[in-house]
Amino acid sequence: MSAATQNLTRAEAQERSAHLRVATTQVHLDLAGDAETFGTTTTVTFEATTGATFLDFLGPVVERVVLNGAELDPAACFDGARIHLAPLAAENVVTVVARGAYSRSGEGLHRFVDPVDGQTYLYTQYEPADSRRVLATFEQPDLKSRFTFSVTAPAPWLVLSNQPAVGSEPVGDGLTRTTFAPTPPLSSYLTAVVAGPYHHVRDVWESPDGLRVPLGVLCRASLAPHLDADRVLTVTRQGLDFYHSAFAFPYPWGKYDQVFVPEYNLGAMENPGCVTFTERYVFRSAATRHQYQGRANTILHEMAHMWFGDLATPRWWDDLWLKESFADYMGSHASVAATEHTDAWVAFANRRKAWAYTQDQLPTTHPVVADIPDLEAAKQNFDGITYAKGAAVLKQLVAYVGVEAFFDGARRYFRDHAYAATTLADLLGALEAASGRNLGEWARLWLQTAGTAELRAQVEARDGRIERLTVHQRGTDPRTGSPVLRPHRLAVGLYGLADGVLVRTARYEVDVTGAVTEVAGAVGAPVPDLVVVNDDDLTYAKVVLDERSAATALAHVGAIPDAMPRSLVWSALWNATRDARLPAADYLTAVLAHGAAESDTAVLTGLTANARTAVERYVPAPRRRHERERLCAGAWEHLRAAAPGSDDQLIWARAFAAAVATVPAAAGRAREVLAGTVPGLPLDPELRWAMWQSLAATGCANRAELDAELARDATADGATRHLAALSALPEPQVRETALETLLLPGALTNDQVDATLEGYGQPLHPELTAPLTERYFAALRTLWAEHSIEIADRLVQGLYPGHQDAGDGDPADHPVAARTTRWLEDNADAPAALRRLVLEERDHLLRSLRAQRAGQDR
Ligand SMILES: [Zn+2]
């Protein structure tokens, strides 16, 4: 299905931008036709200093191509992905009349029919390169254009784009044609169209200097009762106040609509003036403080992009971090500076950075500034390095140059590069000018090497006093095996137990540069029970606790009163578990012992998820059943002990529901919860479906019961949850059919793919999927070629047989690991993006086998 020329390379993009300057792009979309395709007419005006070029377009039919008044033969000039244009003049006008295909995978123009009321909802999602599924365009960020959209759609629909509508006229047959104001210069992937009978809440934000920005919050009509628009708008106004003042560049896009859309592949997308979000942020069920914090963070992340990314745009995807790391940093920074979520850095330290540490230890990791030769590689780059590590590195930069210089640099960057495309050098130039420091060496070590450093404290003591305290740095680039030592501005905290509380007795800020750094100020201090290297989480490094600190942490982590150091200690314990230095069972013991003391809902949510991963992946097979029961029983006790109606109660209820999936004996208790016997616990759809899915996975629920639950929750989300529960039923035929359906291109929507994979990956009965392992490896190349990259990614990861038991031998000789190695050897010529995913799955498997071995050897 994919044309060979679909995977645009960096070299081709550079060639085009060297010879082209795009002026305007006019797009008309006709959404009045059938449910499969839509009409699209694009007219592009551009200057050229070359004789030939091509537009990108992915769609079923190109009907006409008119270049400078001459008709080109579509059969000759359109190859399925590109429309070849020749001969060019100095100034050119090209019009392409075509039909595009509606998407069901969330890429391009996605079409969704709400099962509640039969209404149709459309939205676009393009990054990195799917605007070509809707319009004929130069699909690369640095060829910016002024876009003018017009859309013909059923009259009752609301139609939105990046700019406000400037005209609307009936065109017969119950249709309306809406025309939008031209955009400022914009990259193609940032354009957007949203259409359908969306529920629309309006407001206005006004800056102190009189800028008026109309605000909109939208969702499907059937979700309107759940939309807390006031809360969304409060964060929105707080964010606009903050950025308007901090960036000293007026909000550049006129209006600001935020649309919650169905079957969305990501958290949100920063289309200027028309941001799209996943509907999961419209809370249909009870939500914890952590969930509200996460939504606020995303709102502020996307809003930061109105400047970082939309106004100043990375030239090519190697510099994706220029916008994503900044937006990620700003999400937390602005949460603290401008909203009620003043604890946002705790969640960042514990959750967001766990993502970065995990990714940065894979053999496929990359420097923050990546080498992205083509669009398939670009697609893989929206990862824990680009987002979380990049943001953590910026946090370290703030500790290094100071927050004032950092924001001053950002302001220069916007001022100098507004509406243009940028590179690393542009940003460094602005930061160097603002800080007066040469950042060349800093950037080389932090942005152009890969991997995470390990930091460890060493205490030498005499007579209860510190004689010498040193911080040891060790770092290797996982790609090359070469050592990497970075400069870290960080804090070292000393903690002592007093009356059952672990209090900080001293804090030293030091510059760690080489392999060993003295903490001179600590000499003579009382020997601490716990040393926290990177206290306050200023730098990015994996912290390994010294022996005494590790023992204190396991016994007393809940006794640290402040959330930040507590979350850092939890993070160190989790990294130790993943690294096979701490038996997974000990991690579980700590979570069950100290979970009740965890007041931060983000951290507690993470602890319960990690505990489950520890049990399912890292506990040795002979102990697994016992540890599953221990987790399940522990979650149940915490659920019963938590205050009625509290976040803790909800988090433990979800943890219990998840744990039931591998503990059939707990089915009775799950049914008690479903019967409403836990006082104060909101029995809303999310929790009910979680219980039903786990009951299904253990074979303790039947189809009739799942159907009855669907009748009770006859919504789009209900249908997806129902599919996930059905897919979890422990029957060989269910797995077999799931695999066949998943491999059939276009058989399922993106959300249905996820739901089916959730059922397929249930770990209680690995014997059901074991016979399908060979089919998986045999299908990899075909599935990569036949599915869109978004869906193919999920299939490669979700179908991988990653739940395996360690034997006595070398983990690399485990049959599935060895089979994966053989596939990699036999498929050296497979697309790099596919190989990257398979390499990562093998690495996750090897890690789990090593951790199991560590638990056995105990
Ligand atoms: Zn972003």
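I started with what covers the buried residues of helix H22. Among the covering elements I found helix H20 (703-712), helix H21 (716-728) and helix H23 (750-760). Helix H24 (773-786) and helix H25 (789-798) are also included. I keep in mind that this is a predicted model.

Next I listed the covered residues themselves. Val734, Arg735, Ala738, Leu739 and Leu742 are buried in H22. Viewed down the axis of H22, its buried residues stay within an arc of 130 degrees, so they line one face of the helix. The general rule I used: an α-helix has 3.6 residues a turn, so residues three or four places apart point the same way.

Which residues are exposed on the other side of H22? I noted Pro732 and Gln733 there.

I then checked the length of H22. The helix covers residues 732-743, which is 12 residues. At 1.5 Å a residue they should span 16 Å. The end C-alpha atoms lie 17 Å apart, which agrees.

Last, I looked at how S26 is held to its partner. How many bridges join strand S23 to S26? I found 3, with S23 (residues 465-474) and S26 running antiparallel. Val471 stands opposite Thr517 in S26.

Methods: Residues are numbered from 1 along each chain as its sequence is written. This is a predicted model: local features need pLDDT of at least 70, side-chain atom pairs count only at pLDDT 80 or more; totals for chains, interfaces and linings use all residues. Side-chain values use heavy atoms; hydrogens and water are left out. Helices (H or I, at least four residues) and strands (E, at least two) are DSSP runs, numbered from the N terminus. The expected span of a helix is 1.5 Å times one less than its number of residues. Buried means under 20% relative accessible area, exposed over 50%, partly exposed in between (1.4 Å probe, protein chains only). The arc is that of the directions from the helix axis to the C-beta atoms. Contact means heavy atoms within 4.5 Å. Two strands pair if DSSP finds at least two bridges between them.
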